[in-house]
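Please keep the sequence and the 3D view open while reading.

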Amino acid sequence: MNSRDRNANGRARPPGAPGRPQRKKLPHERPLWLRPEDEIFFITVCCEPRGKNQLCYSNIGRAIFDSVEFRNQNAVWYAHLVCLMPDHLHALISFPYERPMRQIIADWKRFLATKLKIEWQRDFFDHRLRKEESYREKADYIRANPVRAGLVTQLEEWPYFWTADPQESASSEDRVLRGGAPGGRALPILLAVLVFLVGCRPDMTNQPKATPLSESDFFSNGANARRPPAHTVARGDAHEDTAFYTGQTNGTYVTQLPVKLTRDFMIRGRERFDAICAECHDRTGSGNGMVVQRGFPQPPSFHVDRMRNAPIGHFFDVMTNGYGVMYSYATRVEPDDRWAIAAYIRALQLSHNAALSDVDSADRATLDSKK
Ligand code: HEC
């Protein structure tokens, strides 16, 4: 079975499923979650109170770097380097598209606050490296921080430095220490002013709480999310009527609507189709909705033979599991409404391709009289 026979969830497609049209590959070269390389942020997070060492202890340092690596491995972010100072830390980090940086850093701070009892100031400082600012320069600047602060005399002596790049060397040390990196004096002053302005009250964002995909030191497997006990079914989740919930019986698409067809049901189907599907498929189902006109890939028209001959269960399945680039609508459209929409699509198809013989005899008489 080749991959075209599977839907977006990797589920096998049942026999009777219409073949998939060939389509151009999407340009997914770069790992999707990583912003372009030039989107690296210089992040500074400060402890509360300033001046007290909270970060530079070997066990704390190790635990912080572990949490950084954990996030790198799980594609939460991509940290390039992190430098701990006694009462603040600097980092160069790239963030994925789909979650805001603010939230990712807030989660990280909360995790460290709970696990290591670190007290943070609320918020953090971020600065996106501009095109003309080289990564190298910023990295060197951060790395030289402990030397500038008089904590060590050589860069390599500072143990609280972490980098994702094992090749990271101190070769550019001379340049940094001689000239002083750009902004070398301005930045600490700027930070001090900002810290003063931002104020220092602990914030509700620092409350301990568990989010589903974050780490936990409470459970032995390290995950916050718990599995439900084996063989339990959540209320409302016992979907025994497979035709109704999957559009299939014995692995084959159903060809009949598994619910009673009424006028109201059809009206509901039209209302839902127009509200949810028409932006792409357009109200007639020809596949030329506004979103498509603005550049989204074009869906096939419902008025081609392949779609006319597709069993009704296929339409239900497409809404339930998604199809190619089309997302699943399972969380947005209840099964009952999915059937109503499927029924309405059938009606749309008939409206474009009806024969005189489809009209019942009474209406036919009316039609004939109008000839
Ligand atoms: C955001 C745009 C968009 C929306 C909204 C959308 N679709 Fe689609 N749909 C598509 C695209 C694009 C395809 C073609 C997917 C592919 O071949 O990769 C498609 C394909 C389909 C197909 C054809 C599958 C096949 O066998 O080729 C059906 C049926 C379908 N959609 C039904 C629906 C229904 C019903 C809704 C509303 C619940 C809906 N779509 C909402 C974009 C959309």
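In which loop is N250 found? In this model, which is predicted, N250 is found in the loop between strand 6 (248-249) and strand 7 (252-253). Its phi is near 50°, a positive value in a residue other than glycine. N250 counts as exposed because it has 7 C-beta neighbours inside 10 Å, and a residue with 12 or fewer such neighbours is placed in that class.

**Other details of the backbone**

K117 also has a positive phi, near 60°, and is likewise a residue other than glycine. The place of K117 is in the loop between helix 2 and strand 4 (125-128), and K117 is exposed, with 9 other C-beta atoms within 10 Å. A further detail concerns the peptide bond from E48 to P49, which is cis, with omega near -5°; P49 itself is found in the loop between strand 1 and helix 1.

**The chain as a whole**

The protein chain has 13 helices and seven strands. Of its 371 residues, 22% count as buried. When contacts between residues at least 6 apart in sequence are considered, 66% of them join residues at least 24 apart.

**Two nonpolar cores**

The largest nonpolar core has 36 residues, and V82 and C83 are those with the most contacts inside it. Several elements give two or more residues to this core, namely strand 1 (41-46), helix 1 (58-73), strand 2 (78-85), strand 3 (88-94), helix 2 (101-116), helix 3 (135-143) and strand 5 (161-163). Strand 2 provides the largest share of this core, six residues. Once neighbours within four places in sequence are left aside, C83 is in contact with L89, H90, I142, R143, N145, Y160 and F161. Another core, of 16 residues, lies apart from the largest one, and among its members are F273, F302, F315 and I341.

**The surroundings of the ligand**

Which residues come nearest to the ligand? Of the 22 residues around the ligand, these are C277, C280, P299, G324 and M326. Helix 8 (263-281) and helix 11 (312-321) are the elements that give two or more residues to this shell, and helix 8 gives the most, with five residues. Sorted by class, the shell has 19 nonpolar, two polar and one charged residues.

**Helix 8 against helix 12**

Helix 8 also packs against helix 12 (residues 335-352), at an angle of about 90° and with the two axes 7 Å apart. Since angles of 65 to 115 degrees count as roughly perpendicular, helix 8 and helix 12 are therefore roughly perpendicular to each other. On the side of helix 8, the residues that meet helix 12 are F265, M266, R268, G269, R270, R272, F273 and C277, and their partners in helix 12 are D337, A340, I341, A343, Y344, I345 and A347. By class, this contact has ten nonpolar, one polar and four charged residues.

L348 lies in helix 12. Is L348 buried or exposed? It is buried, because 20 other C-beta atoms lie within 10 Å, and 20 or more is what that class requires. Apart from its neighbours within four places in sequence, L348 is in contact with T284, G285 and F302.

V147, by contrast, is found in helix 4 (residues 145-148) and is partly exposed, with 17 other C-beta atoms within 10 Å. A223 has its place in the loop between helix 6 (186-198) and helix 7 (242-246), and with 14 C-beta neighbours inside 10 Å it counts as partly exposed.

| Pair | Separation along the chain | C-alpha to C-alpha distance |
|---|---|---|
| V147 and W158 | eleven residues | 8.4 Å |
| A223 and A210 | 13 residues | 9.7 Å |
| L348 and H303 | 45 residues | 8.4 Å |

Terms used. Residues are numbered from 1 along each chain as its sequence is written. This is a predicted model: local features need pLDDT of at least 70, side-chain atom pairs count only at pLDDT 80 or more; totals for chains, interfaces and linings use all residues. A residue is near a molecule or strand if its C-beta atom, placed from the backbone, lies within 6 Å of it. Helices (H or I, at least four residues) and strands (E, at least two) are DSSP runs, numbered from the N terminus. Ala, Val, Leu, Ile, Met, Phe, Trp, Tyr, Cys and Pro count as nonpolar, Asp, Glu, Lys and Arg as charged, and the others, Gly among them, as polar. Axes are lines fitted to C-alpha atoms, for helices over the stretch in contact, and angles run from 0 to 180 degrees between N-to-C directions. Angles under 35 degrees count as roughly parallel, over 145 as roughly antiparallel, 65 to 115 as roughly perpendicular and the rest as oblique. Two residues are in contact if their C-beta atoms, placed from the backbone, lie within 7 Å. A nonpolar core is a set of buried Ala, Val, Leu, Ile, Met, Phe, Trp, Tyr and Cys residues joined through C-beta atoms within 7 Å.
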